[in-house]
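Welcome, and please take a moment to look over the structure below. The report after it walks through a few features, one region at a time.

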Amino acid sequence: MACPAASARIDFSASLPSIAIPPIAQLIACSQARLQQKISAALAEKDFDTLFQSFPAGSRDRCHLLSYLRPLSSGWLSAIPAYTRSDKRKCLNNYAYRLATALTLGITFPLASLASSCTCGTAIDALRDHFFLCSRATAERVFKHNTLLDVFKAILAEVGITAVTEVPLRSLDITPPNAQPNSQRMDLFFPIDGEGVLCDVTVVHPCRPENSTAHHTQVNRSHARRPGGIATAGAERDKDRKYGASC
Ligand SMILES: [Zn+2]
């Protein structure tokens, strides 16, 4: 008669072919380094694959899942909140925390009372992607951009570096790349070891609400096939192309 424990091990091993699970006697005889971690990772990967495959190819949902799989996408959950008397911007209040969690999980915003349509006339999608993308409803993107800028400046100040924001490129003897008003300034300028450093902040969003236009379809299809972080990497390349020659 087969031993139930041995039989369970064989069944479990068959369900996780990527993990070599030792026989029971070997498990009892000596400890297996990081075996639990390897099993947990394989189980999580299996769950992810099942969820990923349950969504249509090229869908916004696949795009969202891959986006939140990228390194540091959950960094906000493990960051230690800095809370000083004058600066509370590195802390999330309960409401902001709920919104961030909803965005991460891809669920509708809890307790949020938002308009059903945008000033551009478009109906707002359930997951609010439109607010992160619309060129008419810039308040959210501009607010996020400016808040990030303030936080970077505050972090630099905490380590004794004074940064200047919105510095005109011409004041640094740098010719702007074009005549666009937004191209005349750089978000941050600060000195490190006598060298001037220029930084620019960009807010990007990887998903499109639905496939209502050819562009939306193309973005979702492309981002649903490739590892997360593609949108951010593309935005960084654009900045390099724009300012690389002079900065
Ligand atoms: Zn809009």
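Predicted model: local features only at pLDDT ≥ 70, side-chain atom pairs only at ≥ 80, totals over all residues.

## A helix across the sheet

Helices (H or I, at least four residues) and strands (E, at least two) are DSSP runs, numbered from the N terminus. Contact here means that the C-beta atoms of two residues, placed from the backbone, lie within 7 Å.

Residues are numbered from 1 along each chain as its sequence is written.

Two strands count as paired if DSSP finds at least two bridges between them.

Strand 2 is joined to strand 3 (residues 195-199) by five bridges, and the two run antiparallel.

E166 sits in strand 1 (residues 164-168). Is E166 buried or exposed? E166 is exposed, with 12 other C-beta atoms within 10 Å. The cut-offs are these: a residue is buried if 20 or more other C-beta atoms lie within 10 Å of its own, exposed if 12 or fewer, and partly exposed in between, with C-beta atoms placed from the backbone. E166 also has a positive phi, near 50°, though it is a residue other than glycine.

Q184 belongs to the loop between strand 1 and strand 2 (185-192). It is partly exposed, with 14 other C-beta atoms within 10 Å. Leaving aside neighbours within four places in sequence, Q184 is in contact with P168, L169 and P176. The C-alpha atoms of Q184 and V159 are separated by 28 Å, and the two residues are 25 apart along the chain.

## Positive phi elsewhere

Most residues other than glycine have a negative phi, and most peptide bonds are trans. R128 has a positive phi of about 65° although it is not a glycine. It lies in the loop between helix 6 (94-105) and helix 7 (129-133), and R128 is partly exposed, with 18 other C-beta atoms within 10 Å.

Helix 6 itself has 12 residues and reaches 16 Å from its first C-alpha to its last, close to the 16 Å expected at 1.5 Å a residue. That expected span is 1.5 Å times one less than the number of residues in the helix. Just after helix 6 comes G106, with a positive phi of about 75°.

Which residues of helix 4 are buried? They are R60, R62, C63, H64, L66 and S67. With six of its eight residues buried, helix 4 (residues 60-67) is largely enclosed by the rest of the structure. Its buried residues pack against helix 3 (35-53) and helix 9 (214-223).

P71 is in the loop between helix 4 and helix 5 (75-78), and P71 is exposed, with 9 other C-beta atoms within 10 Å. P71 and G229 are 158 residues apart in sequence and 8.3 Å apart in space, C-alpha to C-alpha. I80 lies in the loop between helix 5 and helix 6. I80 is exposed as well, with 6 other C-beta atoms within 10 Å, and its C-alpha atom is separated by 15 Å from that of E158, 78 residues apart along the chain.

## The two domains

The chain is divided into domain 1 (1-54) and domain 2 (56-243). These bounds come from an automatic or database domain assignment. The C-alpha centres of domain 1 and domain 2 lie 40 Å apart.
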